Amino acid sequence: MIQVLKMSSTVGRLVATAGDMDVSGLAAIGYYLRLYAVELILDESRDQRSEEQTQLATKLLNQVEEYKTAVDTSKDEDQGAFTILHDQDKAKTYVLNFTMSLYNEKLKQLKDGNWDASLRRGLWCCLDLFQCMSKLWGMQNELKDRIKYCKIYLRKIAREKPPVPQVDDKELDEMLEKLNTESKEENSPPAFIDESEERGSE
């Protein structure tokens, strides 16, 4: 029962984050988050899966198919989005580079001591994206340390800070838009940022 509740919470967060990505010009990342959410739901055995979860998986698959159809139809206008959907190596690089840009920004925020609601939300977003990549592209070994760090930092925030309010939607949109300014889907993903500062602080 606890495992089912944990999965439901994760899926709900993934669906919400995918929607945030859509309105921030990062629909391709939202596409892969929805695929990951569906896989989590379908990983549950039929007798453990609720009817509500099955309906949600169907809804998410429909959204995934609608986006894919729209991208395929307009591939001449947006070749970048088409490539990210059909070339899994480029998709992996695109999602990883975006996630690392966000991750390094949150590490800097941790170091600076600016522990606001956007930090907690950003770390959850990084954790979900790292786990998404591990599931979809078999990157468990490459990402296991970063997944561990996200969990450690989230636990640290939970212990040392009082419960933070829900991050304002406008604030979240601005955070994602800032990261997206140099990573439009038709252009190159953001450059990979080294984690030397993080490793030096361990």
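Select Tyr31 and Tyr32 to begin: both are buried, where buried stands for under 20% relative accessible area, exposed for over 50% and partly exposed for what lies in between, computed with a 1.4 Å probe on protein chains only. The model is a predicted one, in which local features need pLDDT of at least 70 and side-chain atom pairs count only at pLDDT 80 or more, while totals for chains, interfaces and linings use all residues. Residues are numbered from 1 along each chain as its sequence is written, and side-chain values use heavy atoms, with hydrogens and water left out.

**The aromatic cluster**

Five aromatic pairs are found in a search of the whole structure. The rings of Tyr31 and Tyr32 are edge-to-face, because their centres lie 4.9 Å apart with the planes at 90 degrees. Tyr31 belongs to helix α2 and Tyr67 to helix α3, so that the pair links distant parts of the chain, 36 residues apart, where helices are DSSP runs of H or I with at least four residues, strands are runs of E with at least two, and both are numbered from the N terminus. Tyr67 is buried, as is Tyr31. With Trp137 also selected, the view holds a cluster of Tyr31, Tyr32, Tyr67 and Trp137 linked by ring pairs.

Of its 17 residues, 13 are buried, so α2 is largely enclosed by the rest of the structure.

From there, turn to Ile29 and Phe130, which touch the most other members among the 54 residues of the largest nonpolar core. Such a core is a set of buried Ala, Val, Leu, Ile, Met, Phe, Trp, Tyr and Cys residues joined through side-chain atoms within 4.5 Å. Two or more residues of this core come from each of α1, α2 (27-43), α3 (51-73), α4 (79-86), α5, α6 and α7 (140-160), and the largest share, 11 residues, comes from α2.

Centre the view on Phe130 and display its contacts, meaning heavy atoms within 4.5 Å. Leaving aside residues up to four places away in sequence, Phe130 touches Thr99, Met100, Tyr103, Leu143, Arg146, Ile147 and Cys150. Continue along α7, where the buried residues include Leu143, Arg146, Ile147 and Cys150. The 21 residues of α7 should span 30 Å at 1.5 Å a residue, and its end C-alpha atoms are 29 Å apart, which agrees.

**The cysteines**

Select Cys150, which is buried with a relative accessible area of 0%, together with Cys125, buried at 6%. How many disulfides does the structure hold? The count is zero, with a disulfide taken as a pair of cysteine sulfur atoms within 2.5 Å. The sulfur closest to that of Cys125 belongs to Cys126 and is 5.9 Å away, too far for a bond. Cys150 is likewise in no disulfide, the nearest cysteine sulfur being that of Cys126 at 5.2 Å.

**The salt bridges**

The last stop concerns the eight salt bridges of the structure, each a side-chain nitrogen of Lys or Arg within 4 Å of a carboxyl oxygen of Asp or Glu. Select Arg13 and Asp128, whose closest N and O atoms are 2.7 Å apart. Arg13 lies in helix α1 (residues 2-23) and Asp128 in helix α6 (residues 117-137), so the pair ties together parts that are 115 residues apart in sequence. Asp128 is buried at 2% relative accessibility.

Move on to Arg121 and Asp20, a salt bridge with its closest N and O atoms 2.5 Å apart. This pair links distant parts of the chain, with Arg121 in helix α6 and Asp20 in helix α1, 101 residues apart. Arg121 is buried at 15% relative accessibility, and Asp20 is buried at 13%.

Finish with Lys108 and Asp112, a salt bridge whose closest N and O atoms are 2.9 Å apart. These residues are four apart in helix α5 (residues 88-112), which means a separation of about one helical turn. Lys108 is exposed at 53%, and Asp112 is exposed at 51%.

Key
The expected span of a helix is 1.5 Å times one less than its number of residues. Rings of Phe, Tyr and Trp (its six-membered ring) pair if their centres lie within 6.5 Å; planes under 30 degrees apart count as stacked, over 60 as edge-to-face and the rest as tilted.
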